[in-house]
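Please read it alongside the sequence and coordinates.

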Amino acid sequence: MDYPEAARVLNISVDLAVHGRDAEPKPPVEAYLRVIDEPVLRLTSVDLGATAEICDVAEVFDFARDYLGLLKAAVIAGGIVPSGLEGSGASLAAVLERLVGPGLGLEIVSSVNNIPKGSRLAVSTNLLAALIAACMRATGQTASLTGPLEERERRLVAARAILGEWLGGSGGGWQDSGGVWPAAKLIRGVAAAAGDPEHGISRGRLLPTHEPIALGGNLEASLVLVHGGMAQNVGPILEMVTEKYLLRSGEAWRAREEAGQILDEIIAAVEAGDVPRIAAATTRNFFGPLQTIIPWASNRYTETVIERVRERFGEK
């Protein structure tokens with residue numbers, strides 16, 4: 001990261017429900033771990049309908065073998081099967097015996113609750129974080145088995161989730177791990193300082209700070225998340241954004257500076273609970289700097305929703 005001062009994201013952690021279908025909101029992702037009476041590592045993705053019983057350490061590192069690469073990445077990043085065991089020929093049964101006892105194993109289950117793949121809601125990173133946190137809690141790497149994580153534990157989970165993204169190839173960024181922290185927060189890039197591993201190598205630290213943002217007024221009851229269920233591969237978009245940044249595109253650079261100013265307006269409006277100000281600022285950002293940097297940010301579905309809302313409600 002060579003410009004940490006400009007790296008800022010307003011992030012909020014929410015439970016989700018489909019209006020008119022679900023009785024109440026629930027967490028978007030869930031992770032479970034339990035001890036089983038077989039010396040195997042059983043991985044299950046409920047939403048993908050995939051299960052595997054792993055008996056060999058080498059299979060843990062075979063991410064392309066099945067649809068369970070993200071769970072395998074969590075097992076490695078969470079310290080259940082350390083990355084140093086890759087290619088070692090170590091026995092998985094021996095690893096499990098050391099962890100949970102002779103003749104026993106672990107079952108790890110993940111579930112994404114009705115969020116479409118490619119939703120751009122940072123699902124993979126937060127599911128990884130949930131799985132890693134479960135692995136850490138179960139193996140005594142956290143101070144408490146239940147309840148909120150401590151700040152240092154949250155940062156470790158976020159760092160390991162980024163590692164898991166790299167291992168599994170799911171492609172999330174440092175801003176995606178905001179779900180490890182509750183409620184609303186400003187995720188901010190930080191310049192590397194003496195004592196940081198990145199000092200002297202990169203201007204910015206890999207891990208950002210997470211600063212709480214107060215939700216003013218009755219904001220939680222005033223906003224509805226609308227998602228059309230459309231999926232999009234963000235890989236090409238990230239490549240385009242990176243290319244424009246590296247080439248120092250003048251138009252995109254000016255748009256980036258304008259977006260930073262609009263973010264300040266949005267944060268102030270969120271803290272004041274001022275919905276009209278939030279709407280005005282986000283709309284200006286969407287049709288202005290965002291689409292200057294990312295022309296693909298919109299599609300026909302999004303444009304149709306905006307047109308119909310404007311026709312019905314005008315400027316209300």
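1. Basis. This is a predicted model, in which local features need pLDDT of at least 70 and side-chain atom pairs count only at pLDDT 80 or more, whereas totals for chains, interfaces and linings use all residues. Residues are numbered from 1 along each chain as its sequence is written, and side-chain values use heavy atoms, with hydrogens and water left out.

2. Helix α2. Nine of the nine residues of helix α2 (residues 69–77) are buried, so this helix is largely enclosed by the rest of the structure. Buried here means under 20% relative accessible area, exposed means over 50%, and partly exposed lies in between (1.4 Å probe, protein chains only). Helices (H or I, at least four residues) and strands (E, at least two) are DSSP runs, numbered from the N terminus. The buried residues of α2 pack against β3 (41–45), β4 (50–54), α1 (57–60), β5 (105–112), α4 (123–138) and α5. Just after α2, Gly79 takes a positive phi of about 90 degrees.

3. Arg154 belongs to helix α5 (residues 151–168) and counts as buried, because its relative accessibility is 15%. Apart from neighbours within four places in sequence, Arg154 is in contact (heavy atoms within 4.5 Å) with Pro148, Leu149, Val180, Trp181 and Pro182. Asp176 is found in the loop between α5 and β6, and is buried at a relative accessible area of 17%. With neighbours within four places in sequence left aside, the contacts of Asp176 are Ala122, Thr125 and Asn126.

4. The loop between α6 (235–246) and α7 (250–272) holds Arg248, which is partly exposed, with a relative accessible area of 42%.

5. Packing of α8 and α9. The axes of helix α8 (residues 275–293) and helix α9 (residues 300–313) come within 13 Å and cross at roughly 150 degrees. Axes are lines fitted to C-alpha atoms, for helices over the stretch in contact, and angles run from 0 to 180 degrees between N-to-C directions.

6. Salt bridges. A search of the whole structure finds 17 salt bridges, each being a side-chain nitrogen of Lys or Arg within 4 Å of a carboxyl oxygen of Asp or Glu. One of them joins Asp264 to Arg8, the closest N and O atoms being 2.8 Å apart. Asp264 lies in helix α7 and Arg8 in strand β1 (residues 8–12), so the pair ties together parts that are 256 residues apart in sequence. Asp264 is partly exposed, with a relative accessible area of 42%.

7. Further charged pairs. Arg21 forms a salt bridge with Asp22, with the closest N and O atoms 2.8 Å apart. Arg21 is partly exposed at 48% relative accessible area, and Asp22 is partly exposed at 29% relative accessibility. For the salt bridge between Arg277 and Asp274, the closest N and O atoms are 4.0 Å apart. Salt bridges that share partners also join Arg34, Glu38, Arg42, Glu53 and Glu107 into one network.
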